[in-house]
Amino acid sequence: MFKKLTTIALAFGIFTGAFAQRPAGGSFNANTKFEQMGTELPTPNTFRTASGAPGRDYFQNKADYDIKVELDDANQRIIGSEVVTYTNQSPDELKYLWLQLDQNLFKGNSTSNLTKTGDISTQMSGTQIKAITGQAEKEFGYNIKLVKDLKGANIPFTINGTMMRVDIPVALKTGQAFSFKIDWEYFITAYYGRSGYEFFAADGNYNYFIAHWFPRMCVYDDVSGWQNKQFLGQGEFTLPFGDYKVEITVPDDHLVGATGECQNYAKVLTKTQQARMKEASTSKTPVIIATQAEAEEKLKNKSTKKQTWIYTAKNVRDFAFASSRRFVWDAMQTDVYNNGRKIWSMSFYSKEGNPLWEKYSTRVVEHTLLSYGKRTIEYPYPVAISCHATAGGGMEYPMISFNGGRPQPDGTYSEQVKYGMIGVIIHEVGHNFFPMIVNSDERQWTWMDEGLNTFCQYLAEKEWDKDYPSRRGEPQNIVAYMKTDPSQQVPIMSSSDNVIGLGNNAYAKPATALNILRETVMGRELFDAAFKEYARRWAFKGPMPADFFRTMEDASGVDLDWFWKGWFHTVDAVDQDIAEIQWYALDTQNPEITKAEARKEAEAKKKTMSNIRNEKDIPQSVVEADPTMKDFYNSYDPFEVTDADKKKFDAYKASLSEEDQKLLSSGMNFYSIKLKNKGGLVMPVIIQLEYEDGTSEVLRYPAEIWRMNDGEISKTISTKQKVKKFKLDPFYEIADIDTANNVFPREPEQPTKFQLFKQRPFTAPANPMQEARKNQPASTQSSGNN
C-alpha cells in the first residue's frame, strides 16, 4: 500500500525529531510568499492608519441635490433641472469641480463604443450599431442645456466623454460650499442591465427604471484626488454622500418607487391605497398596496394628466427611481432588528412577475436586511425596495434595486428561475451595505463591493434555505475557473475595466476567498468579528483595499499577508498533491515479534511460480529420496526464539527508562508524508486518515506549514492504528483544482460512461412545474400571470 514498512530503533531516548517537518528540495527559506506585504501596501498616514481604520485627518466632501425631473412617457425622455451644493471638507483648495455624465456612455463616439473589440454580434447592440452609422432615430447621451450659479450667471464647463469639468468662479477653500444649477435632458435607452425602459407591445406601455439620470458629483479624496476616470461600462460608480430632495413628475396614473421617503403619499395615493399602507405598517407579511386589477384598469385609458411625487433622502450616495402604470406594489413595515425601529420592505412588479414576486420578493428584502445587518451594521435607512426589471440580472442603488426573475406566461417557473430571482434580490438589496454604506471606489475596485456582497449573499442564501443551490461561495464552485489558462485570468487586484471574466474574477473568487478565510483559515468567530469591525469603521466612508486587508488582520490578530498575496495579487491555483508516503514503526527488538514477522515474510517469498509448478513437476527430490543427504541445516529453524535471544531482549529492556518502555510497547505507526504544492497557491493542509477498522480522523495544519519551502514539504504523523487511506481536503474547503492527487493510495479515475444504444439520455425537464401542470385537470390549473 505504502512504501515498505521500515522499522526504526529507539535510540537517544523518546522518538521526537527524526521525522519532524523539514524542507524537501529547494533553498531554505527561499520563498517570499510568507514575507509581509510591506511596500506592496500604501504607506499609512494621518488619513488612513496602519490598523486599517480612518485616520484623524480622514475627510470626505459632500454633495447635496435639489432636483426637479419629468418623465416624458410619450417620447421616453428625461427632462431635469438640479441645484447642486458641493461642500469642500478636504484640506485642499479646489479650483474646479468634476461631474459624471454616465448617459454619454451611449453616444456613438464614446470611448466605450470605440474600444469594443470582437465579433459584431457579441460586441454591439442594434442601438449601438445605429448610433455609430448615423442611423439612430434618437441621439442618446446628455444634452446639457445650461450651467449657472444661483444668480443666473453662466459658469464655463467642459465635457470630456462621460465627465464634465465645471470651472467655478472662485476657488473653493476648506469648509466652503458652492451651489450651482444644471439643466439637462436625454432620451432613455432600452433597459440594458442597469437602467432604461422595458416596452410591452401587448398593451403599448413601458416600465421605467431610471438611474444614472442626473449629472452627479465625482469623489475627491486623499487617494486619487478627483476620481474622474471615464465610465466604460464595466467599472461602476464612485460617489460622495449627500442629502436629496427630488420632485418626480410622471403621468398621474403611474406608481413611483424611489430612493428615500415619499413626502406626499396623501396626494399621490388613493384613500384605499393609503388605508392599505396603514395596514402594511403593522403587518408582518406583505400587504398589496396597489393591486394587479387596479393596474389593468389603468391600461384601458392612459391618463394625459401629470402628477409629482416628492422624495427626500438623507446621507445617500445616489438616487434612482422606477415608474409605471403597470406596477403592482406590496409592502410591510417591520421591526427587523427587534430594536423598536421599523423599516419598510417593498416590491414593485408588473403582472409578468407573478406568482413569484408576490410570494417571495418583499419577504426576501426583509430577510436580506436581517442577515446582512448581523454581519455588518444594522440597516440605517427607512426603506428597501425591490423592483422587477426584465427577466434576468439586477442592479443596485440606495434603498432601491432593479431585479430579474420572470416566470413563464402560464405562471410556471423552473427551479433555476426561482432561486435565480431570490438570489438576485438578496444580492442587489445587499448592495445597500456594499457599496451604498461602505462606500468603496467601484470605478477602480469592483471586487470590493461585488466580492464582499456575493460572500454575504451566500451566507444569506443558506439562512433562507439550508439546501439553497448557491452558485458562488463554496470553494468547489470556483475550481472550474481556477483551472482555466492563467493567461486568460487577471488577479482580483486589477482595475475594474481591465478585469477578464468579471463574474468569476470580481464576484465568485473574492467571495470564495472570504468563505475560506471564515471556515478554514481564521474560523467563524475571529472572521465574523473582524468583518463586522471593517463595516463599522468604514460605514459612510470610502475604504480602499489596504483598509480592508489591514482591518481584517488588526481585528483578528491573524497574519493574512500570505493570503492576500496569493488569492488577490496572483492567478495561482490550489493543487496540493500527496506525492509519497513512507510507513515506519518502532523496532521493539522483541524476538517473539521480530522472528515471527521474519518467518511470515520468508514463507511468503517462497510462493514463486517456479516453486508452485515444481510441486507438480518434481515428484521427489534427491534429498527427499535419500535422507542421508540431509545435515544440520535441513532441520535448522533460523526463526526459532532461543534462550540467548530472550536474555538479550531482557537486557535491552532493563537499559530503558520507564517512559521509553511505554513508547516501545505502544505499537505506534509513523507516516512520513511528502506533499507538493503544484498549483502555487499556499493553503492550509487538511488530511483525513481512514483507519483499517473503518474509523477516521482529520488533521489540520495552518498554511504556515509551507513557510520554509512553498513547493514541497514532508510531514510525519504518528497513529496508534494503521492507516488505510490518506485524503487531502476531504470537505472541499480549499478549492483544490485536482482532487485525483489528493488521495493515497491513488484511486482509479471514474470511467467515462457510454450508452449501449444511440438514444437521447434522460434529462430532467427544464420546467418541472409546467410539466406537472400538463397532467392536472383543467379545473385545478391556475391562470398564470395574465
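Start with Cys-262, which counts as buried because its relative accessibility is 13% (buried is under 20% relative accessible area, exposed over 50%, partly exposed in between, with a 1.4 Å probe and protein chains only). Its sulfur sits 14 Å from the closest cysteine sulfur, in Cys-387, so that's too far for a bond. Cys-387, at 0% relative accessibility, counts as buried too, and Cys-387 is in no disulfide. A search of the whole structure turns up 0 disulfides, a disulfide being a pair of cysteine sulfur atoms within 2.5 Å.

## What kind of model this is

This is a predicted model, where local features need pLDDT of at least 70 and side-chain atom pairs count only at pLDDT 80 or more, while totals for chains, interfaces and linings use all residues. Residues are numbered from 1 along each chain as its sequence is written, and side-chain values use heavy atoms, with hydrogens and water left out.

## How α12 meets α13

Helix α12 covers residues 524-538 and helix α13 residues 545-556; they pack at about 130 degrees with axes 8 Å apart. That angle makes α12 oblique to α13 (under 35 degrees is roughly parallel, over 145 roughly antiparallel, 65 to 115 roughly perpendicular, and the rest oblique). Helices here are DSSP runs of H or I, at least four residues, numbered from the N terminus. Axes are lines fitted to C-alpha atoms over the stretch in contact, and angles run from 0 to 180 degrees between N-to-C directions.

On the α12 side, the contact residues include Leu-526, Phe-527, Phe-531 and Trp-538; on the α13 side, they include Phe-548, Met-552 and Asp-554. Contact means heavy atoms within 4.5 Å. By class, the contact of α12 with α13 has 9 nonpolar, 2 polar and 4 charged residues (Ala, Val, Leu, Ile, Met, Phe, Trp, Tyr, Cys and Pro count as nonpolar, Asp, Glu, Lys and Arg as charged, and the others, Gly among them, as polar).

Technical notes: Helices (H or I, at least four residues) and strands (E, at least two) are DSSP runs, numbered from the N terminus.
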